[in-house]
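Please look through the sequence and the 3D structure before reading on.

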Amino acid sequence: MRKLCFSLLLGTFLVVSSMAQTQIEFREFTLDNGLHVILHQDRSTPIVATTVFYHVGSKNEDPERTGFAHFFEHLMFEGTENIPRGKYFEIVESAGGTLNAGTSQDYTIYFEILPSNQLELALYLESERMLHAKVDQVGVDTQREVIKQEMKQVMEERPYGNFQRELPERLYTNHPYRWPIIGAAEHLDAASLEEFVDFYKTFYVPNNATLTLVGDFEYDDAEELVKKYFSEIPKGTKEMRRPNVEIERLAEEIKDNIYDNIQLPAVFQGYIMPAKNHEDYYALDLLSTYLLSGKSSLMYRKLVDESQKAVQAAAIPNNLEDGGMFIIRAIANMGIDVEDLNTAMDEILAEVKENGVSDNDFTKLLNIKETQYVNSLGSVVNIAMELAQAHVFYGEADYINKKLEKYRAVKPEDIKRVANQYLTKDSRVVLNYLPKSAQTTE
């Protein structure tokens, strides 16, 4: 039986690295069982971030069993054969650290940030999670109820929250991105324990994972610890569901009214973006910054400050492996009709499509993006996540050092081009969010 004993180091530790440069040096290797490992040394602060990045998200699920990836984000904290149920947080926090996890349409990630002398503890915990997590009826029943409560809070009680279900199911007519990450309660209720066990044995295996360590350690010591705790884990042998579906763009605009527990109406516009590693993403990301990034941005200035048609607005380029969503959202001011708000949003987009951006504004956009990216690399856990995504989605961890050059390769005319190419009325979804009280009067 695998056991581990550590002296616990109590205290609070800063999570931010002082690294100022954007060039990230690293080592990487792959174990015989397929686990890819990336190590980046940063001695500026005595902490280390440990992340395990599994290439499984909601798109890898059976359409009749949605929500499994998010379910396992929760279930994998239940414990293992050697870690008592519910003790993950207690163990890490008692050692002076923090931990969390997240799920997307494309991946699931787990991480710990601990004092650097507790690196072995983090590797032990994650190897236990990978080798023999506790997938039993008690844990399944417990997390089912937790997640159903989360569904209620996110989809029903949070204002405008169900756009996470309503928008993609209309935008992605032929692709697994059409269901929400959190899934459907009826699918989780109908699933047997054997189905959960099978999902775990299929996807949470070393040959579907990237382990990244960032922080205060010696490379050789860290490599030996990784081999100590992960080499014994057997390679997964089950066939993984990997959708190979080209996303179909809508042939015409879909427009619907959604009645919600809200006071102020809102408009959500959704457009299909190209795949994650497509060159046009960088221009689209800069476009979203130009439209809605701060109070000086074009759409915020025109919708919120000048016309006062909206009290809030945002542009979100949700970058996904097979093709993301470009979402523009605006919450109407009191007395403003959603159709008027949608028209105002379209007029601003039409202006960008016709005139593009000035050289001066474009320079500002690049400066904003460079500042954002450099600042993001001030966190050890952000570096760890960037390295893992670079390896999995872009084919090389060194993409982390090339990302800014991708933005710098964009030209001002590319902003105008992608606005015209991707933000088209005839292949978008528009959701008008209205108070439930309006449903009875229409």
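Predicted model: local features only at pLDDT ≥ 70, side-chain atom pairs only at ≥ 80, totals over all residues.

Residues are numbered from 1 along each chain as its sequence is written, and side-chain values use heavy atoms, with hydrogens and water left out.

Arg165 is partly exposed, at 30% relative accessible area, whereas Glu166 is buried, at 11%. Buried means under 20% relative accessible area, exposed over 50%, and partly exposed in between (1.4 Å probe, protein chains only). Glu166 belongs to helix α5 (residues 163-171), where Leu167, Pro168, Arg170 and Leu171 are buried too. Helices (H or I, at least four residues) and strands (E, at least two) are DSSP runs, numbered from the N terminus. The buried residues of α5 pack against β7, β8 (266-272), β10 (325-332) and β11 (428-435).

The whole structure has 35 salt bridges. One of them joins Arg43 to Glu218, with the closest N and O atoms 3.0 Å apart. This pair links distant parts of the chain, 175 residues apart: Arg43 is in the loop between β2 (36-41) and β3, and Glu218 is in the loop between β6 (209-215) and α8. Arg43 is partly exposed, at 44% relative accessible area, and Glu218 is partly exposed, at 42%.

The pair of Arg129 and Glu126 has its closest N and O atoms 2.8 Å apart. Both residues lie in helix α3, three residues apart, about one turn of the helix. An α-helix has 3.6 residues a turn, so residues three or four places apart point the same way. Arg129 is buried, at 0% relative accessible area, and Glu126 is buried, also at 0%.

Which charged residue is buried yet has no salt bridge? Lys353 is such a residue, and the nearest side chain of opposite charge, Asp346, is 6.8 Å away. For this, Lys and Arg count as positive and Asp and Glu as negative; His and the chain ends are not counted. Lys353 is in helix α11 (residues 338-355).

Now to the nonpolar cores. A nonpolar core is a set of buried Ala, Val, Leu, Ile, Met, Phe, Trp, Tyr and Cys residues joined through side-chain atoms within 4.5 Å. The largest has 58 residues, and Phe72, Tyr204 and Phe230 have the most contacts inside it. Helix α3 gives the most to this core, with seven residues. A second, separate core of 53 residues includes Leu287, Ala332, Phe393 and Tyr422.

Helix α7 (residues 193-203) has Phe196, Phe199, Tyr200, Thr202 and Phe203 as its buried residues. Seen down the axis, these fall within an arc of 165° (taken from the directions from the helix axis to the C-beta atoms), so they line one face of the helix. Met240, in the loop between α8 (219-230) and β7 (254-260), is in contact (heavy atoms within 4.5 Å) with residues including Thr202 and Phe203.

How values were computed: Salt bridge = Lys/Arg side-chain N within 4 Å of Asp/Glu carboxyl O.
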